Amino acid sequence: MPGTRVLVGTRKGAFVLTSDERRVDWTVQGPLFPGWEVHHVKASPLNPDRIYAAQSSGWFGQLIQRSDDGGASFTPVGNDFTYDGVPGEHQWYDGTLRPWAFAKVWHLEPSLFDAETVYAGVEDAALFRSQDGGGSWAELSGLRRHDTGPQWQPGAGGLCLHTILQHPTDPDRLYVAISAAGAFRTSDRGVTWQPINKGLRSGEIPDQDSEVGHCVHRLDLHPARPDVLYMQKHWDVMRSLDAGDSWHEVSGNLPTDFGFPISVHAHEPETVYVVPITSDSHHFPPDGRLRVYRSRTGGQQWEALTNGLPQSDCYVNVLRDAMAVDQHESCGVYFGTSGGQVYASADSGDTWAPIVRDLPAVMSVEVQTLP
Amino acid sequence: MSGSVRVVLPAHLRALAAVDGDVHLDVVGTPTQQSVLDALEARFPVLVGTIRDRGTGLRRPFVRFFACGQDLSHDAPDTALPEQVGRGAEPFLVVGAMAGG
């Protein structure tokens, strides 16, 4: 019987939640790496036993852990994220320039095309690639060396490269997003990069049409329509029909268009999920009601999904990497909260139930659909 | 001169290095922070980057070095450690600083 494995990164360790295709009864494994912040855990789409975890602490720095047995055991692999050449400088909060300095890994993205290749998005913003299963890392420095690099500035969470999207059939093409620089695209495997922020409007910067400076929170796409991109920006939910060349707003009837994650349904390219959050200072849902919003029209028209979610006195946040969908015939949707709950829906969001309620604050949620 | 230096690691680093108790290291010459940490990292490569910055070699900000009741964190890396550490009578402590409330 097909299985389901949810990989959860939290402030104080990682957890592996396992179920069958029905997704009703769950077993909980963890905490793995207890006491360490695990920013992201993600499995290879080519080898379901291969799982990577980004483990860090303010005391002892960054480690990368790898499992080759589906999460039963992990081994530390390479953690040398040295920038290519002289790192240069970027904008600091006060407008001065500050040298690029590695802080931590925000996101790990195993390749769709090679089981030994994995990408890492790091703070200060840069993209690294390993071609030996995480043993060694090399920066794809064309991104950081883009002409606009000295203009990049950190968002509240740091100058982080947090989103890495792969084109489903073209290994030359990648998309990344950086807070608060914007979205970028490469068509030559990361050698050269192009900002793709036309159409974004950000009230937090003086020139709303600026090529960079936009606080993009998350991107997603559906493999059947790889040129259609969805974006949750700091404020605004956006859509592009031309691989990011231009964007238009699809916030429509959302109660607020601030938020962090955005995910596309596994089988319906026009079905999109967001979790509206009150504002950039009120990092909790409007009215104390935790609602996922679903659009079946690629945005603009949204419906609140509330069945099984707390509808009073709920003041948690859902971070950018903390929502995912599975590939089962009845698409499952999952998200984790700053309050330590991981919610699952096995029916595309119509009904929800918590898998766990009391984990440390959830940083990331990924899901594997096992054969 | 060479001797066996006893190093006490914080729990998280003991777990990473897969050791249960103190670590005993053979250090050539008069032990210093640098020579002890070089020997520690040579024995346990997984600890590279966890105590000192990989690029600069500087102590990570929230790591402290104690020995013989003294905070040696701000000593130059090539400063000789107390003689008691060099002969294994007192441990060299790597400590995660109090931080985070």
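Tutor: Start with one pair of residues. A:Leu108 has A:Ala120 as its bridge partner, and A:Ala120 sits in S11(A). The model is a predicted one. Strand S11 of chain A covers residues 118-123.

Now turn to the next strand, S12 of chain A, residues 126-130. Five bridges join S11(A) to S12(A), again antiparallel. One bridge pair here is A:Gly121 with A:Leu127 in S12(A). A hairpin of two residues links S11(A) to S12(A). Strands of a sheet pair through backbone hydrogen bonds, in either the parallel or the antiparallel sense.

Which residues of S11(A) point one way, and which the other? A:Val118, A:Ala120 and A:Val122 point one way. A:Tyr119, A:Gly121 and A:Glu123 point the other way. In a regular strand the side chains alternate between the two faces of the sheet. Is S11(A) mostly covered or mostly open? Mostly covered: six of its six residues are buried. That includes A:Glu123 on one side and A:Val118 on the other. Buried here means 20 or more other C-beta atoms within 10 Å of the residue's own.

Step back to the whole of chain A. It has 30 strands and zero helices. Its radius of gyration is 19 Å, close to the 21 Å that the globule rule gives for 371 residues, so chain A is as compact as a globular protein of that length. The C-alpha trace spans about 50 × 45 × 40 Å along its principal axes. Of the 371 residues, 53% count as buried. Take the contacts in chain A between residues at least 6 apart in sequence: 50% of them join residues at least 24 apart.

Another sheet in chain A is worth a look. Four strands form an open sheet in the order S22-S23-S24-S25, with antiparallel pairing. S22(A) (262-264) and S25(A) (303-305) stand at the edges with a single partner strand each, so one side of each has no neighbour in the sheet. From one strand to the next, the twist averages 30°. S22(A) pairs with S23(A), residues 272-274, over three bridges. There, A:Val264 stands opposite A:Val272.

Next, the nonpolar cores. The largest has 105 residues. A:Val8, A:Val176, A:Tyr334, A:Val342 and A:Val365 have the most contacts inside it. Strand S15 of chain A, residues 174-179, gives the most to this core, with five residues. Leave aside neighbours within four places in sequence, and A:Val342 is in contact with residues including A:Val6, A:Leu17, A:Pro354, A:Ile355 and A:Leu359. Its contacts also include A:Val8, A:Tyr334 and A:Val365. Another core lies apart, with 21 residues, among them B:Leu13, B:Val27, B:Phe65 and B:Ala67. In soluble globular proteins, nonpolar side chains tend to be buried together.

Last, where chain A meets chain B. The contact takes 10 residues from chain A and 13 from chain B. On the chain B side, helix H1 (residues 11-17) gives the most, with three residues. By class, that side of chain B has six nonpolar, five polar and two charged residues.

How values were computed:
Residues are numbered from 1 along each chain as its sequence is written. Chains are lettered from A and ligands numbered from 1 in the order in which they are written. This is a predicted model: local features need pLDDT of at least 70, side-chain atom pairs count only at pLDDT 80 or more; totals for chains, interfaces and linings use all residues. A residue is buried if 20 or more other C-beta atoms lie within 10 Å of its own, exposed if 12 or fewer, and partly exposed in between; C-beta atoms are placed from the backbone. Two strands pair if DSSP finds at least two bridges between them. Axes are lines fitted to C-alpha atoms, for helices over the stretch in contact, and angles run from 0 to 180 degrees between N-to-C directions. Two residues are in contact if their C-beta atoms, placed from the backbone, lie within 7 Å. Ala, Val, Leu, Ile, Met, Phe, Trp, Tyr, Cys and Pro count as nonpolar, Asp, Glu, Lys and Arg as charged, and the others, Gly among them, as polar. A nonpolar core is a set of buried Ala, Val, Leu, Ile, Met, Phe, Trp, Tyr and Cys residues joined through C-beta atoms within 7 Å. The radius of gyration is taken over C-alpha atoms; the globule rule is 2.2 Å times the number of residues to the power 0.38.
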